[in-house]
Amino acid sequence: MPSDGAIDAQGIADILIAAERDRKGIAQISDDHPDVDTATAYRAQQLFVQSKLDAGETFVGYKLGLTSRNKQQAMGLDAPLYGRVTSSMLATHGDPVRLDRFIHPRVESEIAFLLARDIEAPATVTSVLAATDVVFGAVDVLDSRYESFRFTLSDVVADNASAGAFYLGPVARRPDDLGDLRLLGCVVRVDGEVAMTAAGAAVMGHPAASVAWLANELAAEGEGLRAGHLVFSGGVTAPVPVVPGGSVTFEFDGLGAIEVHGA
């Protein structure tokens with residue numbers, strides 16, 4: 001960490017690694033270090049995730065965040081952000097969200113893309129769909145390391161886009177077999193009662209649009225989306241808190257249902 005009172009990417013990552021390990025919410029890093037820029041935050045994210053890879057996990061793919069206009073406007077942003085997904089984040093279908101593993105988990109619906117081929121930049125919705133093997137309904141378990149889920153852009157980027165865990169739904173289908181992904185609907189039930197509904201168009205107008213955005217962002221950084229990567233394209237519906245004994249069910253048109261319990 002620099003000696004002039006500033007903080008570097010490794011210093012940020014060390015704070016977040018400890019918060020996740022201790023399951024203790026921390027103050028926003030931006031409270032004490034408001035000058036951390038997005039590039040430094042992404043470098044901290046890489047180091048945060050590298051600590052998982054160094055511990056024996058494998059790299060799985062990426063997740064998108066802030067993909068809806070409403071969420072972007074709420075944060076004063078005009079683009080989404082991304083995080084990285086590792087093997088320990090993949091939860092087994094039917095297993096509960098373990099509340100002793102997370103700080104304050106929330107769940108939201110997503111459409112996940114499993115890539116059959118690399119995606120070259122400049123990427124488009126068409127090129128993403130052509131490179132996709134199958135899509136799944138999915139659940140993103142968000143778990144911000146910050147108290148009260150409060151953060152700035154640099155905070156949440158460094159915190160790996162609040163990645164906690166992910167469930168893949170029971171059905172995998174080729175995009176062509178599902179028709180227009182913009183119209184793919186999701187119903188969210190909390191303890192059996194309908195809480196919200198939405199469709200794929202809630203994600204940047206088309207869920208493949210967020211994957212294309214990611215491919216282009218990564219290309220600018222010398223990285224890329226590769227065959228075999230799994231990409232969680234962003235929240236179709238708003239996040240719902242997970243509570244002990246509660247259940248949240250996500251019903252996807254053509255992609256089955258995922259029921260998540262807090263335990």
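Residues are numbered from 1 along each chain as its sequence is written, and side-chain values use heavy atoms, with hydrogens and water left out. Because the model is predicted, local features need pLDDT of at least 70 and side-chain atom pairs count only at pLDDT 80 or more, while totals for chains, interfaces and linings use all residues.

Let's start with the rings. The structure holds 6 aromatic pairs (rings of Phe, Tyr and Trp, the last by its six-membered ring, with centres within 6.5 Å; planes under 30 degrees apart are stacked, over 60 edge-to-face and the rest tilted). Tyr42 and Tyr82 are stacked, because their ring centres lie 4.5 Å apart and their planes meet at 25 degrees. Tyr42 sits in helix α3 (residues 38–54) and Tyr82 in strand β2 (residues 81–86), so this pair ties together parts that are 40 residues apart in sequence. Helices (H or I, at least four residues) and strands (E, at least two) are DSSP runs, numbered from the N terminus. Both partners are buried, Tyr42 with a relative accessible area of 16% and Tyr82 with 5% (buried is under 20%, exposed over 50% and partly exposed in between, with a 1.4 Å probe and protein chains only). Ring pairs also join Tyr42 and Tyr82 with Phe59, Tyr62 and Trp213 in a cluster.

Phe166 and Phe232 form another stacked pair, 4.2 Å centre to centre with 25 degrees between the planes. Phe166 belongs to strand β5 (residues 163–173) and Phe232 to strand β8 (residues 230–232), 66 residues apart. Phe166 is buried at 0% relative accessible area, and Phe232 is buried at 0% too.

Now for the cores. The largest nonpolar core has 64 residues, and Val107, Phe113, Ile119, Leu214, Leu225 and Phe250 touch the most other members. Such a core is a set of buried Ala, Val, Leu, Ile, Met, Phe, Trp, Tyr and Cys residues joined through side-chain atoms within 4.5 Å. Helix α8 (residues 207–220) gives this core its largest share, 7 residues. Apart from it lies another core, of 11 residues, including Met89 and Phe136.

Finally, look at two helices. The axes of α1 (residues 9–22) and α3 come within 8 Å and cross at roughly 50 degrees (axes are lines fitted to C-alpha atoms, for helices over the stretch in contact, with angles from 0 to 180 degrees between N-to-C directions). Among the residues that meet there are Leu16 in α1 and Leu47 in α3, where contact means heavy atoms within 4.5 Å.
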